[in-house]
Amino acid sequence: MDEFLMFYAPFIVLIGAIILAFIVAPMDGAATRPPKEKKK
Amino acid sequence: MGNEESVFFSRVLTELTLSFHIIYATIGVGVPLMIMIAQWVGIKKNDEHYILLARRWARGFVITVAVGVVTGTAIGMQLSLLWPNFMELAGQVIALPLFMETFAFFFEAIFLGIYLYTWDRFDNQKKHLLLLVPVALGASFSAVFITIVNAFMNAPQGFDLVDGELVNIQPLVAMFNPAMPTKVAHVVITAYMTSAFILAAIAAFRLLKGSDHVYHKKALFLTMKLGLIFSIGAAIIGDFSGKYLAEYQPEKLAAAEWHFETEGEAPLMLYGILDGQEVKYTITIPYALSILAHSDPTAEVIGLNDFPEDEIPPLYIHYLFDTMVTIGVLMIMVSGLYWLGRHMRWRFIHSRWYRWLIVAGGPLTVIAIEAGWWYAEVGRQPWILRDIMKVPEAATTSGHVDTMLYLFATLYLILGVGSVVVLRRMFRNNPIEREIADREAEVREGTRKGGDH
């Protein structure tokens, strides 16, 4: 198990993070949404 | 100058060069991916703001590349001049990734030139984006190859040493050493993380300074999202690094954790001070060191007392490790809360103090990178090539290293100040509001000319 974590998993995490970044980047609906109004 | 003095000045000069270079190298590796993602989003959503993000980031990126080239050349030169005995030995085994790093850089530089000079030259923007693929790949693979050399210093293999002579040299075996996967992946992903948080800091700063343009809001949301993804990835790979250290460099892990006695159920020590071998004022997390080292809360972790005293790294690396981890965790929290707050429409993420926290995240992640590299390098001491060559054996005996130190320190000061001044002027003289207005005028002009035909 530790061998997998030391030798293969680092590259899987790195490549996975890059792919996830491309998937998540266009989802920008929340970027310009105004904050909630203050309760009166 | 005695040999001890030349070793001392060689160390200081190498530390100074690496500490300065790593700032520009990190930006140089990370920013091309950020540019690529921004341009890709711009094309996909047909949103001019993201295209402009890519354009402006690319302009700033060129300045950092120029400085990185100078400092990178300095490192190459200093490796041979300051550490000739190391290069004589290691160069025979590990020259291949050193050459490949140069090749990757040329690959990046050639396509970067073409990319910059062909904005607006393609009818199909996707073709222009394709030019960025070799730039981003070249930048990342430069980091991969040079980190392989550093990994080799920590876990040398791929040769036999018989009577002081190197035989049976296998460069590929040397490249794929046990330290390589965790080191390479951690260096690359933290470069992406740091670049994202530096760009987020710039966007947050513009919002704080009164510009309420949607361009900055999109830039901030994008970079904080990317920062969150890459910082979580960095933390996971950091955990894998702990397992590598426990197996192959246990003295480095034990020194970073002030772990003196070999024992199972080992706790993790955060912060604190050291009084002899007594650890005071720490936050102790039970079983955490055993889990970090072997994924098992009861596993035995080797302590410092099992090593000869002259082969134990300086124990101050504990503070460097803590600095790196604390900033990493802080940035996961700051970016995670920002991302969640955007979706939940929380008010506090728009407050001035939170934006200042994001601004602070830029320099803080650079400090984390510095602390991480110092930890990596000091943690390998006293070895330059682990178990084979100690640092003093590798150094030059030249009597002029102190002069070189002063000259290079002056050069770095000029380059550092110069690059900051140029970048500030570049963006201050061309604010986004003006650039957007200019672009819209260009489009109107183009449409009118098109209509005349």
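Visitor: What span should the 23 residues of helix 5 (residues 132-154) of chain B have, and how far apart are its end C-alpha atoms?
Guide: This is a predicted model. At 1.5 Å a residue, the 23 residues of helix 5 of chain B should span 33 Å.

Visitor: How many residues of helix 5 of chain B are buried?
Guide: A residue counts as buried if 20 or more other C-beta atoms lie within 10 Å of its own. Helix 5 of chain B is mostly covered. Out of its 23 residues, the number buried is 20.

Visitor: How many helices and strands are there in chain A, and what does its C-alpha trace span?
Guide: Chain A has two helices and zero strands. Of its 40 residues, 25% count as buried. Along its principal axes, the C-alpha trace of chain A spans about 60 × 25 × 10 Å.

Visitor: Is A:Phe4 buried or exposed?
Guide: A:Phe4 is found in helix 1 of chain A. Its C-alpha atom is separated by 14 Å from that of A:Leu14, 10 residues apart along the chain. A:Phe4 has 11 C-beta neighbours inside 10 Å, so A:Phe4 counts as exposed.

Visitor: Where around the axis of helix 2 (residues 9-24) of chain A are its buried residues?
Guide: In helix 2 of chain A, the buried residues are A:Ala9, A:Pro10, A:Val13, A:Leu14, A:Ala17 and A:Ala21. They cover an arc of only 140° around the axis, which puts them on the same side of helix 2 of chain A. In general, an α-helix has 3.6 residues a turn, so residues three or four places apart point the same way. On the other side of helix 2 of chain A are the exposed residues A:Ile15, A:Ile19 and A:Ile23.

Visitor: What covers the buried residues of helix 2 of chain A?
Guide: Part of the cover comes from chain A itself, namely helix 1 (2-7). Chain B also takes part in the cover. The elements of chain B included are helix 1, helix 7 and helix 8.

Visitor: Which element gives the largest share of the side of chain B that touches chain A?
Guide: In all, 35 residues of chain B are in contact with 24 residues of chain A. Two or more residues on the chain B side come from each of helix 1 (3-45), helix 7 (180-208), helix 8 (214-248) and helix 11 (317-344). The largest share, 16 residues, belongs to helix 8 of chain B.

Visitor: How do the residues of the side of chain B that touches chain A divide into nonpolar, polar and charged?
Guide: The side in question is made up of the 35 residues of chain B that are in contact with chain A. They divide into 19 nonpolar, six polar and 10 charged.

Visitor: Are helix 2 (residues 48-82) and helix 14 (residues 401-428) of chain B roughly parallel or roughly antiparallel?
Guide: Two packed helices are described by the angle between their axes and the distance between the axes. Here the axes come within 9 Å and cross at roughly 170°. Angles over 145 degrees count as roughly antiparallel. That makes helix 2 of chain B, relative to helix 14 of chain B, roughly antiparallel.

Visitor: How do the residues of the contact of helix 2 of chain B with helix 14 of chain B divide?
Guide: Helix 2 of chain B brings residues including B:Ile63, B:Val67 and B:Val70. Among those they meet in helix 14 of chain B are B:Phe408, B:Leu415 and B:Val422. The residues of this contact divide into 11 nonpolar, three polar and one charged.

Visitor: What is the phi of B:Glu265?
Guide: Most residues other than glycine have a negative phi. B:Glu265 lies in the loop between helix 9 (250-256) and strand 3 (268-270) of chain B. Although B:Glu265 is not a glycine, its phi is positive, at about 50°.

Visitor: Is the peptide bond from B:Gln381 to B:Pro382 cis or trans?
Guide: B:Pro382 has its place in the loop between helix 12 (352-378) and strand 7 (383-385) of chain B. Most peptide bonds are trans. The bond from B:Gln381 to B:Pro382 has omega near 10° and is cis.

Note on methods: Residues are numbered from 1 along each chain as its sequence is written. Chains are lettered from A and ligands numbered from 1 in the order in which they are written. This is a predicted model: local features need pLDDT of at least 70, side-chain atom pairs count only at pLDDT 80 or more; totals for chains, interfaces and linings use all residues. Two residues are in contact if their C-beta atoms, placed from the backbone, lie within 7 Å. Helices (H or I, at least four residues) and strands (E, at least two) are DSSP runs, numbered from the N terminus. Ala, Val, Leu, Ile, Met, Phe, Trp, Tyr, Cys and Pro count as nonpolar, Asp, Glu, Lys and Arg as charged, and the others, Gly among them, as polar. A residue is buried if 20 or more other C-beta atoms lie within 10 Å of its own, exposed if 12 or fewer, and partly exposed in between; C-beta atoms are placed from the backbone. The arc is that of the directions from the helix axis to the C-beta atoms. Axes are lines fitted to C-alpha atoms, for helices over the stretch in contact, and angles run from 0 to 180 degrees between N-to-C directions. Angles under 35 degrees count as roughly parallel, over 145 as roughly antiparallel, 65 to 115 as roughly perpendicular and the rest as oblique. The expected span of a helix is 1.5 Å times one less than its number of residues.
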